[in-house]
Amino acid sequence: QSYPNRPITWVVPYAAGAATDILTRRLAQDIGVELGQPVVVENIPGAGTVNAAVQIARTKPDGYRVMTADSATLALNPALSETLPYHPQNSFTTIGMFARFPLFLVVNKNVPARNLSELIDFIIKTRKSDVNYGSAGLGSPHHLAMELFQESIGSKMVHVPYAGAGPALTDLLGGRIDLMFSSLGPIAAHLTSGSLKVIAASGNERFPTTPDIPTLAESDVRLKGYEVYAWQGVVAPAGLPADIRTRWT
């Protein structure tokens, strides 16, 4: 078959080390075996996935350059910006979704909170606006999940946006930020070691692999109905031939 006859580049719109990067690299290995060519991951972080999305939108649609697009790329950015330099539908060929998962509210080990009630008390009564939180970037699911959380509890914190969840997690571990939302993969080992504390999950029910972690909705009446998920899929430039898309699916 004529496609593929050379390595493929799979762009991740976040810095290395984030859940998106980890999952994409794992999938790239498996898909490379299926396609019979190496699939090389390239990180192009920044601007809430916009930097990477613009590059993909302007790329030749030949199947040799694809991208992990998430809820920020295809849903949140278009809702937040009137001058987005790409169109969430017209700029891409959608290949398919590969993940949907809740986020976990985690805090630095020095934050004096073991549960949601203590965390809210810390935010509202102890330090108020001095509390800061990190995110994977402006408009990212991590950012908007925290905005909804703040609105629900009636308090504001200082937002520190990063070019991906990986750098934010590094600063959370170092104590430079107090809390953040994260997917489970990057934080699992830190929860086991005690270097981070998990407070609650953002789904509408407890995550099957972490049944001991409560949801935000069940933990406080002010968060009743709170439900946030992140999702990810693969896109290629608009105009990708149907037979190449079929090879990926």
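Phe-98 is partly exposed, with a relative accessible area of 25%, whereas Trp-10 is buried at 0% and Trp-248 is buried at 12%; buried means under 20% relative accessible area, exposed over 50%, and partly exposed in between, with a 1.4 Å probe and protein chains only. This is a predicted model, in which local features need pLDDT of at least 70 and side-chain atom pairs count only at pLDDT 80 or more, while totals for chains, interfaces and linings use all residues. Residues are numbered from 1 along each chain as its sequence is written, and side-chain values use heavy atoms, with hydrogens and water left out.

Ring pairs link Trp-10, Phe-98 and Trp-248 into a cluster, where rings of Phe, Tyr and Trp (its six-membered ring) pair if their centres lie within 6.5 Å, and planes under 30 degrees apart count as stacked, over 60 as edge-to-face and the rest as tilted. Trp-10 and Phe-98 are edge-to-face, at 6.3 Å centre to centre with 80° between the planes. The rings of Trp-10 and Trp-248 are also edge-to-face, with centres 5.6 Å apart and planes at 80°.

## Charges over rings

The charged end of Arg-6 sits over the ring of Tyr-64, 3.6 Å from its centre, and Arg-100 lies over the face of Tyr-229, at 3.8 Å from the ring centre; the criterion is NZ of Lys or CZ of Arg within 6 Å of the ring centre and within 35 degrees of the ring normal.

## Surroundings of Ile-8

Beyond its neighbours within four places in sequence, Ile-8 has contacts (heavy atoms within 4.5 Å) with residues including Leu-35, Val-40, Tyr-64 and Trp-248.
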